[in-house]
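Good morning, and thank you for making time on the agenda. Please look at the sequence and the structure on the screen while I go through a few local features.

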Amino acid sequence: MACAIALLMKRIASEVCLIDQNSDRAAAEAEDIQHAGVFLGCPLVTGTSDVYKVKDSSVVVIAVCERKPAEELNVKHNVEVFKKIIPTIAKLACKAVLLVVSQPIDVMSYITWKLSKFPSSRVLGTGTLLDSCRLQDLLSQKLGLARKSISCMNIGAQGDTSVSIWSSVHVAGTKIRDINSRMGETDDPEKWRDIAEAVNKTDAELNRRKGEKGPSCWALGFCTAEIIDAIVRNTKMVLPVSTYIHSCSHGTDKDVYMSVPCVLGREGVYATVRQKLNDQEKAAVQQCADNIRGVLRECGILRETNDVEK
């Protein structure tokens with residue numbers, strides 16, 4: 001729901017359809033929003049349980065399998081749900097860009113790509129855009145500067161293992177590491193590393209504090225809307241999103257989906273932007289790739305795809 005609200009507030013969609021297993025709930029949520037449509041540019045907002053409504057969509061946001069408070073993430077269950085819905089979505093919205101929000105985002109993005117048989121450019125996940133926004137927010141507080149004045153990015157795996165790229169943090173073209181060469185490292189006297197650790201713990205901390213209100217979602221919703229805006233308006237904006245990686249350009253030689261800076265437009269991911277990482281950052285990104293592949297292997301996905309290829 002946060003994704004839909006953020007999308008409508010940005011006024012970039014003339015029509016939004018909410019699809020939920022509970023048809024009454026989806027229809028009620030849509031009607032509730034539709035009542036205030038005059039303040040949102042008068043879009044058409046509908047709600048249904050009929051997946052066939054995705055037909056001819058420009059972008060399909062996949063946000064199923066939301067966890068309940070204190071519930072453990074069940075990746076194998078999510079995989080089974082995706083096996084049921086993704087082939088149908090791919091058939092009905094064969095020209096759409098598929099945007100994955102379901103956790104774990106990098107794993108589910110890879111699975112969506114395999115099941116949809118779409119070009120990898122048209123399947124992406126929200127990835128570490130949320131982590132990057134959190135890093136920017138905490139850096140702005142420490143530096144006493146506006147968020148927009150700070151350029152920074154997290155890449156790798158979304159969540160508690162995302163990698164803050166300290167070597168590229170800059171303000172007005174001035175790299176912070178030119179001032180503090182130990183920035184982000186364990187022996188940094190200014191303890192910038194604490195910020196990266198705080199970013200990676202944010203999800204768990206927010207979920208704990210929100211309790212029965214459910215998992216953190218508002219910031220993720222606005223990040224999702226920002227990605228859709230870049231796709232629909234073909235802006236070619238560079239954002240860190242989860243995409244297919246099979247090279248050593250970002251410190252990994254693995255066949256995997258994970259977050260790197262991507263040029264986004266109407267066809268999804270047009271290109272990735274190669275970053276100059278130091279050895280420590282490369283090792284951390286490689287560890288992210290190994291962890292993601294480990295989860296895929298546990299779910300049987302890598303074994304299944306290898307068998308198909310053979």
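Which residue lies over the face of Tyr270? That residue is Lys236, at 4.5 Å from the ring centre. Please bear in mind throughout that this is a predicted model. Another lysine is placed over a ring as well: Lys142 lies over the face of Trp192, 5.0 Å from the centre of the ring.

A pair of aromatic rings is described by the distance of the centres and the angle of the planes. The count here comes to six aromatic pairs, and I shall discuss two of them.

In the pair of Trp113 and Tyr244, the ring centres are 4.4 Å apart. Trp113 is buried, its relative accessible area being 14%, whereas Tyr244, at 24%, is partly exposed; the limit for buried is under 20%. Both residues are members of one aromatic cluster, which Tyr110 and Tyr257 complete.

The second pair is formed by Trp166 and Trp192, and it is edge-to-face, with 6.4 Å from centre to centre and 65 degrees between the planes. Trp166 is in the loop between strand S8 (163-164) and strand S9 (170-171). Trp192 is in the loop between strand S10 (174-175) and helix H6 (193-210). The pair therefore ties together parts that are 26 residues apart in sequence. Are these two residues buried or exposed? Trp166 is buried, with a relative accessible area of 5%, and Trp192 also counts as buried, at 5%.

I turn now to the second largest pocket. Its volume is about 800 Å³. It is lined by 30 residues, and those closest to its centre are Leu129, Ser132, Cys133, Arg134 and Gln136. Which element gives the most to this lining? It is H5, with eight residues. Helix H5 covers residues 129-143, and it is joined by strand S6 (150-151), H6, helix H7 (218-232) and S11 in supplying at least two lining residues each. By residue class, the lining of the second largest pocket divides into 19 nonpolar, five polar and six charged residues.

Finally, some remarks on the backbone. Most residues other than glycine have a negative phi, and most peptide bonds are trans. The peptide bond from Gln103 to Pro104 is cis, with omega near -10 degrees; Pro104 is located in the loop between strand S4 (97-100) and H4. Asp56, although not a glycine, has a positive phi of about 65 degrees. The loop that holds Asp56 runs between strand S2 (44-48) and strand S3 (59-62), and the residue is exposed, with 64% relative accessible area. Lys117 likewise has a positive phi, near 60 degrees. Lys117 is found in the loop between H4 and strand S5 (123-125), and at 72% relative accessibility it counts as exposed.

Thank you for your attention.

Definitions and conventions:
Residues numbered from 1 in each chain as written. Predicted model: local features only at pLDDT ≥ 70, side-chain atom pairs only at ≥ 80, totals over all residues. Heavy atoms only, no water. Phe/Tyr/Trp six-rings, centres within 6.5 Å; stacked < 30°, edge-to-face > 60°. Buried < 20%, exposed > 50% of the residue type's maximum accessible area, 1.4 Å probe, protein only. Helix = DSSP H or I, 4+ residues; strand = E, 2+ residues; numbered from the N terminus. Lys NZ or Arg CZ within 6 Å of the ring centre and 35° of its normal. 1 Å grid on protein atoms, 1.4 Å probe; cavity = no way out; pocket = protein on both sides within 12 Å on 5 of 7 lines; lining within 4 Å. Points joined across faces, edges and corners; volume = space filled by probe spheres on them. Nonpolar A, V, L, I, M, F, W, Y, C, P; charged D, E, K, R; others polar.
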